[in-house]
Amino acid sequence: AQDSITYEAAEQRYLKSNFDEASRDFTKYLQQFPNGAYRLNATFYKAECDYRNKNFTEALTGYETILAEKSNIYTEKSLAKAASLNYGNKNYTKSIEQYTKLEQNADMRDNIINAQIGLMRSYYFNKNYDQAIVYAQKLVNGEKVGNETINEAHLVWGRSAMQLNDLAAAKKEYGIISKQS
């Protein structure tokens, strides 16, 4: 009963968008009930509170705790947020790992596209230009991808081709971009 009451109080604060207090309450819940009935929920909602409060390091810890569990209702959202945070932290190896899992397991089409965009960017900045081109091609040839994303994909494709000394492909991609702008 105490487990439920403590969790529900934190959840009510979360639902009322009181993220500072909700984060503190979820922390207390997780300390008081480390194996509680609502441990997974509390971990996820605390990560969401931390993300909204711009405590990105704590949010990342929470999302990665969720990802260490077997697949659950919070896995897809946690993969998307953790991959984005790792990309922002320039931890491209980790973002590639998480974006790959997101692309393979996502149910939502937007998450699949965002995973492909993240993979293209992460591979490019990780200097894996062949894979950056693979994902640029997926985006260019994919469905329901916005013009801005297609232009970025052509740019990454062109820059990657330049790095691989494939000047013909680079020229072709830059030509496509120049016609768009």
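**Entry 1**

I started at Phe125, which counts as partly exposed at 44% relative accessibility (buried is under 20% relative accessible area, exposed over 50%, partly exposed in between, with a 1.4 Å probe and protein chains only). I kept in mind that this is a predicted model, where local features need pLDDT of at least 70, side-chain atom pairs count only at pLDDT 80 or more, and totals for chains, interfaces and linings use all residues. I also noted that residues are numbered from 1 along each chain as its sequence is written, and that side-chain values use heavy atoms, with hydrogens and water left out.

Next I looked up the aromatic pairs and found 20 in the structure (ring centres of Phe, Tyr or Trp, the last by its six-membered ring, within 6.5 Å; planes under 30 degrees apart are stacked, over 60 edge-to-face, the rest tilted). I checked Tyr7 and Phe26: their ring centres are 6.0 Å apart and their planes at 45 degrees, so I logged the pair as tilted. Tyr7 is in helix 1 (residues 2-15) and Phe26 in helix 2 (residues 19-32), so this pair ties together parts 19 residues apart in sequence (helices are DSSP runs of H or I, at least four residues, strands are runs of E, at least two, and both are numbered from the N terminus). Tyr7 and Phe26 are both buried.

Back at Phe125, I found its ring centre 5.7 Å from that of Tyr92 with the planes at 20 degrees, so that pair is stacked. Tyr92 belongs to helix 6 (residues 92-105) and Phe125 to helix 7 (residues 109-125), so parts 33 residues apart in sequence are tied together. Tyr92 counts as buried, at 14% relative accessibility.

**Entry 2: salt bridges**

I counted ten salt bridges (a side-chain nitrogen of Lys or Arg within 4 Å of a carboxyl oxygen of Asp or Glu). One of them joins Arg13 to Asp25, with the closest N and O atoms 2.4 Å apart. Arg13 sits in helix 1 and Asp25 in helix 2, so the pair links parts twelve residues apart in sequence. I read Arg13 as partly exposed at 32% and Asp25 as buried at 14%.

Which residues meet at 3.2 Å, N to O? I found the side chains of Glu58 and Lys46 there. Glu58 is in helix 4 and Lys46 in helix 3, so this bridge also ties parts twelve residues apart in sequence. Glu58 is partly exposed, at 46%, while Lys46 is buried, at 14%. Last, I noted that salt bridges with shared partners join Arg13, Glu21 and Asp25 into one network.
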